[in-house]
Amino acid sequence: MEEKLERMRALAKTLNQYAKEYYTLDAPTVADQHYDNLYRQLQELEAQTGTVLPWSPTQRVGGDLLKGFAKYTHRAPLWSLDKAQNHEELAAWVARTERFVTEYNAKNEDPLPSPSYVLTRKFDGLSVNLTYDEDGVLIMGATRGNGITGEEVTRQIKTIGSIPLKVESDALFEIHGEALMTKRAFHAYNKTAQTPLKNTRNGAAGALRNLNLAETRRRHLTVFFYDIGYQEGAPFTSYHEMMAFIKDQGFPTDGYFKTAKNFAQIEEGIEENLKDRSTLDFDIDGVVIVLDDLRTRSAMGYTVKSPRWAIAYKFEAEETTTALLGVEWNVGRSGRVVPTALLAPVDLAGVTVSRATLNNMDDIRRKGLAVGCDVYVRRSNDVIPEIMGAVANDKPSVPIEAPTHCPSCGTPLTPIGAHLFCENTLSCKPQLVKTLVHFASRDAMNIEGVSEATATQFVDELYLSKVSDFYSLTLDQLSSLSRTKEKRALNLKKAIEGSKRPLLSNFIYALGIPNVGRKTARDLAEAFGSLEAMRRASRDEFLEVPEVGEVVAQALVDFFQSEAVQKELDRLRTLGVDPQNPSAQLKTPDHPLVGKIVVVTGSFEGVSRNQMEEKLRAMGAIPQGSVSRKTDLVLYGEKAGSKLEKAKALGVDTMSEAEWMEWMKG
Ligand SMILES: [Zn+2]
């Protein structure tokens with residue numbers, strides 16, 4: 001028996017070490033299969049002996065339904081922090097702290113060190129308090145609750161793979177951490193969840209305060225530890241020492257722990273985090289600034305509710321709630337009818353938000369939205385505002401109905417997958433206008449001056465109904481447009497005429513084939529060399545093009561087989577539109593630019609940088625965005641800046657626009 005117990009202790013220790021390597025260090029040293037073998041051995045021994053060690057990794061597995069939550073009183077309170085909403089309030093706190101130390105030192109023999117601060121991130125999750133006993137065994141996990149008393153969630157905590165079940169310390173201690181859902185875990189969960197989570201914080205809170213342990217596990221929580229709340233013997237003199245202990249014992253941290261000596265350095269740290277906020281894999285809502293020296297901390301003490309030696313600098317919220325006033329349905333270029341939420345205007349991260357995109361009816365149903373209800377709105381960085389879900393309250397609301405007919409032309413809508421489509425591609429005005437604008441856009445046919453307003457005028461006043469109609473417009477017709485002077489008509493005519501010999505890749509992109517963007521258009525031009533070859537191509541031939549998959553290949557076949565498209569392409573040719581494929585002529589194996597890395601910078605006469613890169617690509621060069629030692633040539637136009645300087649510094653060849661023109665003439 002004792003032998004078996006000995007073996008169990010050894011197995012538990014080894015398995016816990018492997019788990020730490022896997023979850024915390026992200027550096028597994030053994031194959032999963034080896035782990036599974038040892039794990040099964042331990043399970044068998046536990047069954048044979050009828051004993052389970054409290055730190056056994058088998059305790060992590062959750063499938064149980066628990067009865068309820070017991071209350072737990074923390075050995076040391078989890079304080080809430082004073083908050084600074086702006087730099088002035090923060091500066092006042094720093095000044096207060098420095099004054100305190102100066103005054104203290106004037107009155108006392110044993111002076112405090114001059115203030116040194118530590119910055120950590122303020123995580124947007126749920127605070128937890130874990131207790132480890134004299135044997136280093138995790139004996140209790142609790143939520144923060146009101147800071148004095150929380151709820152026991154030991155079993156839930158044990159499902160989190162990165163939390164050590166046993167550590168090497170022999171003094172009882174309590175450690176504080178923040179349980180959170182990473183953005184990755186959040187999105188993965190929402191992909192398959194019947195009811196999507198509204199934000200990562202709710203996701204984490206709902207996982208820990210859940211009696212169904214399987215659900216807790218499913219959310220893949222992470223905990224970052226940052227504080228020892230209580231430890232027998234009180235062995236630390238600074239926050240640095242405390243943090244070193246936390247890391248030594250194998251507790252996961254987020255890695256950000258920054259010292260600041262003064263207000264300027266604190267501000268720097270805040271800026272740094274504001275900048276990184278959107279790229280982190282977890283949500284933060286501010287920065288916590290605390291004093292490093294623990295003796296200074298205890299000299300400063302506490303107000304009724306918070307420590308005087310700490311402050312939280314709050315970031316602008318990225319999320320808020322507001323009322324959903326209605327839903328507007330609009331037709332896109334592809335005929336897809338898309339809902340937009342109309343919101344009671346609300347300030348969010350520096351802008352007023354009054355609209356948010358919704359994908360389709362499925363999205364609306366999944367999120368439980370109805371007109372009149374309150375919703376969670378999120379906006380981070382420059383991302384378009386998004387509705388995360390409905391607020392559970394009893395406000396009266398009206399269900400959102402899917403439209404049955406096109407809001408613009410009245411054609412009955414066709415459901416395809418989760419989306420609704422207006423299939424009246426010929427005379428549904430918003431589709432037509434957007435198609436014309438896309439066709440004329442810079443990376444397509446590059447007809448200057450065709451804005452959405454102009455395209456609308458063309459449709460309303462000149463009855464354009466397809467893209468080829470551009471090329472049958474006469475100067476008289478253009479001059480007859482309302483609000484149009486001779487000059488504008490001439491410019492439009494010139495722009496239309498000037499667009500007749502586009503690059504083949506731009507022409508393919510201009511056609512607006514579903515799922516064919518710039519990159520695919522380029523690949524197709526490269527592979528087929530001419531429009532005629534594409535019109536004759538089979539599905540298999542399309543599939544041979546790198547990165548063209550089943551969906552795109554089918555879209556291409558469908559497109560070119562359509563009678564309307566064939567007519568339209570013939571008409572474009574008759575009207576003089578003649579796509580050019582310079583790569584067919586220029587890209588010979590001995591062309592000096594083949595395979596050369598070229599960086600284009602500055603502005604060029606009459607061509608955009610994109611078009612210049614397009615030309616280079618057609619010659620077999622590889623255009624890139626930034627200059628490095630690997631760059632072969634920097635081609636520069638007017639107002640070229642740092643890239644040109646860098647090229648010169650690195651000794652990379654450079655060529656001005658004039659030299660380029662000269663060189664092209666041969
Ligand atoms: Zn329509």
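How do the residues of the lining of the largest cavity divide into nonpolar, polar and charged? The structure is a predicted model, in which local features need pLDDT of at least 70 and side-chain atom pairs count only at pLDDT 80 or more, while totals for chains, interfaces and linings use all residues. Residues are numbered from 1 along each chain as its sequence is written, and side-chain values use heavy atoms, with hydrogens and water left out.

The lining of the largest cavity comprises 6 nonpolar, 1 polar and 1 charged residues (Ala, Val, Leu, Ile, Met, Phe, Trp, Tyr, Cys and Pro count as nonpolar, Asp, Glu, Lys and Arg as charged, and the others, Gly among them, as polar). These residues are T120, F123, F225, Y226, M243, D254, Y256 and F257. At least two of the lining residues come from each of the strands β3 (117-123) and β8 (222-231); helices (H or I, at least four residues) and strands (E, at least two) are DSSP runs, numbered from the N terminus. The structure holds 1 cavity of 30 Å³ or more, and the space in the largest cavity is about 50 Å³. A cavity is a set of points, on a 1 Å grid over the protein atoms alone, where a 1.4 Å probe fits but cannot get out, and lining residues have an atom within 4 Å of a point. Grid points are joined across faces, edges and corners, and a volume is the space filled by probe spheres set on the points.

L616, in helix α23 (residues 609-618), is buried at 0% relative accessibility. The C-alpha atom of L616 is separated by 56 Å from that of T159, 457 residues apart along the chain. I270, in helix α9 (residues 263-276), is likewise buried at 0% relative accessibility.

Key:
1 Å grid on protein atoms, 1.4 Å probe; cavity = no way out; pocket = protein on both sides within 12 Å on 5 of 7 lines; lining within 4 Å. Buried < 20%, exposed > 50% of the residue type's maximum accessible area, 1.4 Å probe, protein only.
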